[in-house]
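Hi everyone, and thanks for coming.

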Amino acid sequence: MKRTLFTLIVMFTLVSTVYLPVSFAQDYTKWGLPEGAKARLGKGWIHEIAYSPDGTRLVVASSIGIWIYDAQTGEELNLLTGHTDWVYSVSFSPDGNTLASGSRDTTVRLWDARTGNHIRTLSGHTSWVNSVSFSPDGNTIASRSRDMTIRLWDARTGNHVRTLSVHTNMLSSVVFSPDGNTIASGSTDNTVRLWDVRTGNPIRTLSGHTGWVDSIVFSPDGNTIASGSTDNTVRLWDARTGNRIRTLSGHTGSVYSVAFSPDGNTIASGSGREIRLWDARTGNPIRTPSGHPHSGWSVVFSPDGNTIASGSYDETIRLWDARTGNPIHTLSGHTDYVRSVVFSPDGNTIASGSWEEIRLWDARTGNPIRTLLGHTDWVNSVTFSPDGNTIASASGNPFGTERSKDDTIRLWDTRTGNPIRTLSGHTSIVYSVVFSPDGNTIASGSYDDTVRLWDARTGNHVRTLSGHTDEVYSVVFSPDGSTLASGSEDKTIRLWDARTGNPIRTLLGHTDDVDSISFSPDGKTLASGSYDGTVLLWEITPTSSEPERIAEDVNRDGVVNIIDLTLVASNFGKTGQNDADINGDGVVNIIDLTLVAAAFGNTVSAAPEIWSHHLEGTPTRAEVVQWLQEARRLNLTDPTFQLGIRVLEQLLARLTPKETVLLPNYPNPFNPETWIPYQLATPADVSISIYTADGKLVRRLELGHQPVGIYESPSRAAYWDGRNTLGESVASGLYFYSLTAGEFTATRRMLIRK
């Protein structure tokens, strides 16, 4: 099976956490974005977590960079980017001034822990760097790699000191002893090995585990080594002799992480199912904190020993009271592989599918709304019904166990997140699922080489379309719903009569898997994307006549929306032949505008949302107020006209903010100009002040007295040309901008990159 995985490479590093007040916490969705991206939903996989030596910060190695949190409040402080692949490991120097990170891009990077600035990159490994650690004196860095070596580096200069070619299998863990004289390494060869740091010579091998050694740690006094393994145990060893002291049993899954408390009295161990605390002297279990559905990818004690942080398969980081085991904080937002993403029809919600779950996000703010749980394997495809009330999701994994295999389609209530029903019948992975344009039928494509049609209301299987000789990756309905197209690994595209299921035509031409297909809005062209590196366009003969044009669709783009409303308003008073004259009475007036409002959402084909705050042609609140006044003065009782008035009232509500807010500037980063949007819930005198990172005023934009409204489009948002009060272009770097509107003030940041 071939599937495509895309990695977003974030392009710049945010500077000093010293200047990041609490009001910026909500902005993390905008941090470190690649050029052209507006926001990031989710914080990536959790690989390892570490406390700063002073216990004030918690650092997370993730699949998109290094996240830094306030260890007490859980607030996001910074995101360090620069690695071009997943970050697997992070470690602070003993003095807390330097942060080291190891990545799948084969490099180790050093960062200024205070400012977040990149110091240098250590290159030499030929495969993934899975672990980094500082020696106790801070002078040496040890990195272990999938190339089965440990490299030692001078922490001050970054120079390579020596290479330890070690285990016969892949390395999984490496750590310095407290005195810095010994390195312990764990491996998939089921052993722990000890090495002399000064000479690089092997000292001894600790054998006994019957599974991979995933984690090793020295006790604070250096006398004991603890190792966690996929054999579900923790073993304690005498660090001087290598003799096994005892085995801690009780975990029912692989032990991925072990940690000693700073006083050496307690051991924390994390497995795929739980965290356990043990008495380090006797080996007796103390307690098992509960709260993670799955736990233990990484566990670590705070420097004072009072708190335990754990990273989990449930994509959260949790902080626990080490004495009682009670939960303190949960840091959420980290996400697994995202296999599918889709907007709701109204554009307000985004659904994403990943491992065993679907997440719903607010498309405007990026905030998570809810998580839909129920699948037991990868969620490969998610889609909304045309009315937005239902989500269909497809699942499966060819490498899943019989226990975890899913291979189902599930329907969910978008509003509540509750499951509606499960559609079973496919005998393997379901790759793709889609609603028909009228919402009555669901089509699914599967690894079992078939396409299935389902009744969307009842969930009943309608028919199976057979003909492909390999897995079906993509299915799509034509805009009029009469034709279904399917793309397959057998290199073909098949067209089917959506009503009868009869085959219409097979399209041949690709030389590799057909992974994605899409109809043009008029249904006359089909585009297909393939692993052969090409996109082919196919001429499609419609199976039914095109629907009649809707009179209210003034610009003829297939949907009646805010654009048509604005076109009517812009033609007010014009006479004669005019597309904006909806009722054909020879003049464009408020009646035509109200008829368009009444037809909002009527479509000829799939099209954009009914209205958008960011659309340049969106009317102002004052204009809508005037239209409503004129429409009401006509005192017409026609139901369609009254419906139009209600839609205008809804539009007015959308254009009337409930609160005054300062929004992220766009574009960001920028060069040399940017727009600063905002919303006003009450009339106010408005100004925007721009400051350097150290607080010096650069420019003040006096915008005058502004009425209630949304100031987001380029013609309404504040504009800054990147110049100071003297008209000089400012330098590249981080800047802050503050909105003052009456008694309201708020501040955000932006980046100029030249």
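Let's begin with Ser143. Setting aside residues up to four places away in sequence, Ser143 touches Val108, His125, Val129, Ser131, Val132, Thr149, Ile150, Arg151 and Trp153, where contact means heavy atoms within 4.5 Å. One quick word on what we are looking at: this is a predicted model, in which local features need pLDDT of at least 70 and side-chain atom pairs count only at pLDDT 80 or more, while totals for chains, interfaces and linings use all residues. Residues are numbered from 1 along each chain as its sequence is written, and side-chain values use heavy atoms, with hydrogens and water left out.

Back to our serine. Ser143 lies in strand β10, residues 140-145; helices (H or I, at least four residues) and strands (E, at least two) are DSSP runs, numbered from the N terminus. Is Ser143 buried or exposed? Ser143 is buried, with a relative accessible area of 0%. For this talk, buried means under 20% relative accessible area, exposed over 50%, and partly exposed in between, using a 1.4 Å probe and protein chains only. The side chain of Ser143 also makes a polar contact with the side chain of Trp153, at 2.8 Å. A polar contact here is a pair of N or O atoms within 3.5 Å; within protein, one must be able to donate a hydrogen and the other to accept it, and residues adjacent in sequence count only if both atoms are side-chain atoms.

Val108 in β7 is the bridge partner of Gly102. Five bridges join β6 to β7, and these strands run antiparallel; two strands pair if DSSP finds at least two bridges between them. Both belong to an open sheet of four strands, in the order β5-β6-β7-β8, with antiparallel pairing. At the edges are β5 and β8 (118-122), each pairing on one side only.

Now for the salt bridges. How many does a search of the whole structure find? The search finds three, a salt bridge being a side-chain nitrogen of Lys or Arg within 4 Å of a carboxyl oxygen of Asp or Glu.

Another pairs Glu649 with Arg632, where the closest N and O atoms are 2.7 Å apart. Because Glu649 lies in helix α4 (residues 639-654) and Arg632 in helix α3 (residues 621-634), the pair ties together parts that are 17 residues apart in sequence. Glu649 is partly exposed, at 33% relative accessible area, and Arg632 is partly exposed at 45%.

Then there are Arg699 and Asp721, whose side chains meet at 3.1 Å, N to O. Arg699 is in strand β50 (residues 697-706), and Asp721 in the loop between β52 (718-720) and β53 (733-741), 22 residues apart.
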